[in-house]
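Visitor: Hi! I'm new to looking at proteins in 3D. Could you walk me through this one?

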Amino acid sequence: MIKVWLPAGMLLLASVYAHAAPALVNVIDGDTVIIRDNNLTYHLRLLDIDAPERQQAFGIQSRRSLKQLCEHTSISVHLQGRDLYGRTLGHLYCNNTDASQSQIALGMAWFNARYSKRLELDALQRQAQQQRLGLWQDADPMPPWQWRKQYGQYYRRQR
């Protein structure tokens with residue numbers, strides 16, 4: 001057995017590098033990603049927003065928008081617990097940009113007023129609506145919670 005003696009400063013440096021930063025594995029849709037953090041891989045559902053489902057109008061564009069923001073960038077995740085479906089909830093930052101805030105500002109997601117108190121996001125949504133950005137180009141876009149209620153059974157069978 002070989003013993004290696006390292007100065008205390010080297011041990012601290014080694015422990016810092018032992019904890020890798022979280023990495024984006026995949027973007028599922030406009031409000032859900034897969035994250036790898038050390039040996040743990042999990043689905044992260046972004047707080048404060050509800051993005052169109054992939055089969056829904058603007059679903060592909062919403063996913064593409066989140067992917068463009070976060071792919072090949074440094075990310076940080078602030079976990080906030082789990083929802084009723086067992087999904088991990090939290091905030092995702094890509095190059096220090098709040099992904100939920102970005103999605104709303106670009107018109108790629110709805111502000112989830114039922115579960116969020118971040119009123120600045122409501123103001124960003126109104127601004128995106130006025131500018132007819134993203135999904136707000138449609139005269140009367142269907143919110144994802146209504147789409148899931150109307151088409152959810154069919155959608156679940158197709159996955």
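Visitor: How many residues does the largest nonpolar core have?
Guide: In this predicted model, the largest nonpolar core has 21 residues. Those with the most contacts inside it are Ile35, Leu44 and Leu92.

Visitor: Which elements give two or more residues to this core?
Guide: There are strands and helices on that list: strand 2 (32-37), strand 3 (40-46), strand 5 (75-82) and strand 6 (88-94), along with helix 2, helix 3 (99-105) and helix 4 (119-130).

Visitor: And what does Ile35 touch?
Guide: Leaving out residues up to four places away in sequence, Ile35 touches a list including Pro22, Val25, Leu44, Val77 and Leu92.

Visitor: Which residues are in the other core?
Guide: That core lies apart and has five residues, among them Phe58, Trp110, Ala128 and Trp136.

Visitor: Switching to helix 2: which of its residues are buried?
Guide: Gly59, Ser62, Ser65, Leu66, Leu69 and Cys70 are buried there. Looking down the axis of helix 2, you find its buried residues within an arc of 125 degrees, so they line one face of the helix.

Visitor: What follows helix 2?
Guide: His72 does, and its phi is positive, near 60 degrees.

Visitor: Last one: what is the mean pLDDT?
Guide: The mean for the protein is 86, and 84% of its residues reach 70 or more. Over residues 1-17, though, the pLDDT is below 50. That stretch has one contact in the model beyond near neighbours in sequence.

Terms used: Residues numbered from 1 in each chain as written. Predicted model: local features only at pLDDT ≥ 70, side-chain atom pairs only at ≥ 80, totals over all residues. Heavy atoms only, no water. Buried < 20%, exposed > 50% of the residue type's maximum accessible area, 1.4 Å probe, protein only. Helix = DSSP H or I, 4+ residues; strand = E, 2+ residues; numbered from the N terminus. Arc of directions from axis to C-beta. Core = buried A, V, L, I, M, F, W, Y, C linked by side-chain atoms within 4.5 Å. Contact = heavy atoms within 4.5 Å. pLDDT = per-residue confidence, 0-100.
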